[in-house]
Amino acid sequence: MKKDFGDSISNKVYEYRVLARMSQQELAERVGVSKQTIFVMEKGNYVPTLLLAFRIAQFFNVDVKDVFTYVKGNDQDEN
């Protein structure tokens, strides 16, 4: 069985998109995904692929770590 470490990725896609005065549809078209993908990503219900994360960061001309943050979960063994 796969162990769940509880790790997650938070993002600031919404903040960058709003600052750029773009709709979800416009951003989706620019980075090659659906509007639904942007929507669920902004809500924190979808973790993008590494390729998409870099594509979004490059679009906003920032480092990928400025948009996406790794949040470490509990990785201790339960022994």
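This is a predicted model: local features need pLDDT of at least 70, side-chain atom pairs count only at pLDDT 80 or more; totals for chains, interfaces and linings use all residues.
Trainee: Let's start with Glu42. Where is Glu42 placed?

Mentor: Glu42 belongs to helix α3, which covers residues 35-42.

Trainee: Why is Glu42 called buried?

Mentor: Look at the value and then at the cut-off. Glu42 has a relative accessible area of 17%, and buried means under 20%. The value falls under the cut-off, so Glu42 counts as buried.

Trainee: Which residues of α3 are buried?

Mentor: They are Thr37, Ile38, Val40, Met41 and Glu42. These buried residues pack against several elements, including α1 (13-19), α2 (24-31) and α4 (50-59).

Trainee: What is Glu42 in contact with, leaving aside its neighbours within four places in sequence?

Mentor: With those neighbours set aside, the partners of Glu42 are Asn11, Val13, Tyr14, Arg17 and Gln24. A contact here needs heavy atoms within 4.5 Å.

Trainee: Arg17 is on that list. How do you know whether Arg17 is buried or exposed?

Mentor: The relative accessible area of Arg17 is 8%, and the limit for buried is under 20%. Arg17 is therefore buried. You will find Arg17 in helix α1.

Trainee: What does the side chain of Arg17 reach?

Mentor: It reaches the backbone oxygen of Met22 at 2.8 Å.

Trainee: Now Val47, please. Why is Val47 called partly exposed?

Mentor: Its relative accessibility is 48%. Buried would need a value under 20%, and exposed a value over 50%. Since 48% lies in between, Val47 counts as partly exposed. Val47 sits in the loop between α3 and α4.

Trainee: And what makes Val47 part of a nonpolar patch?

Mentor: Patch residues need over 30% relative accessible area, and Val47 has 48%. Val47 forms the patch with Ile9 and Tyr70, and together they have about 280 Å² of accessible area.

Trainee: Let's finish with the inside. How many residues does the largest nonpolar core have?

Mentor: The largest nonpolar core has 15 residues, and Val13, Leu27, Met41, Ile56 and Phe68 have the most contacts inside it. Its largest share, four residues, comes from α4. Leaving aside neighbours within four places in sequence, Val13 is in contact with residues including Leu27, Met41, Ile56 and Phe68.

Notes. Residues are numbered from 1 along each chain as its sequence is written. Side-chain values use heavy atoms; hydrogens and water are left out. Helices (H or I, at least four residues) and strands (E, at least two) are DSSP runs, numbered from the N terminus. Buried means under 20% relative accessible area, exposed over 50%, partly exposed in between (1.4 Å probe, protein chains only). A polar contact is a pair of N or O atoms within 3.5 Å; within protein, one must be able to donate a hydrogen and the other to accept it, and residues adjacent in sequence count only if both atoms are side-chain atoms. Patches are made of residues with over 30% relative accessible area and no salt bridge: like charges are joined within 9 Å, nonpolar side chains (Val, Leu, Ile, Met, Phe, Trp, Tyr) within 5 Å. Accessible areas come from the Shrake-Rupley method with a 1.4 Å probe; for residues, only the protein chains shown count as cover. A salt bridge is a side-chain nitrogen of Lys or Arg within 4 Å of a carboxyl oxygen of Asp or Glu. A nonpolar core is a set of buried Ala, Val, Leu, Ile, Met, Phe, Trp, Tyr and Cys residues joined through side-chain atoms within 4.5 Å.
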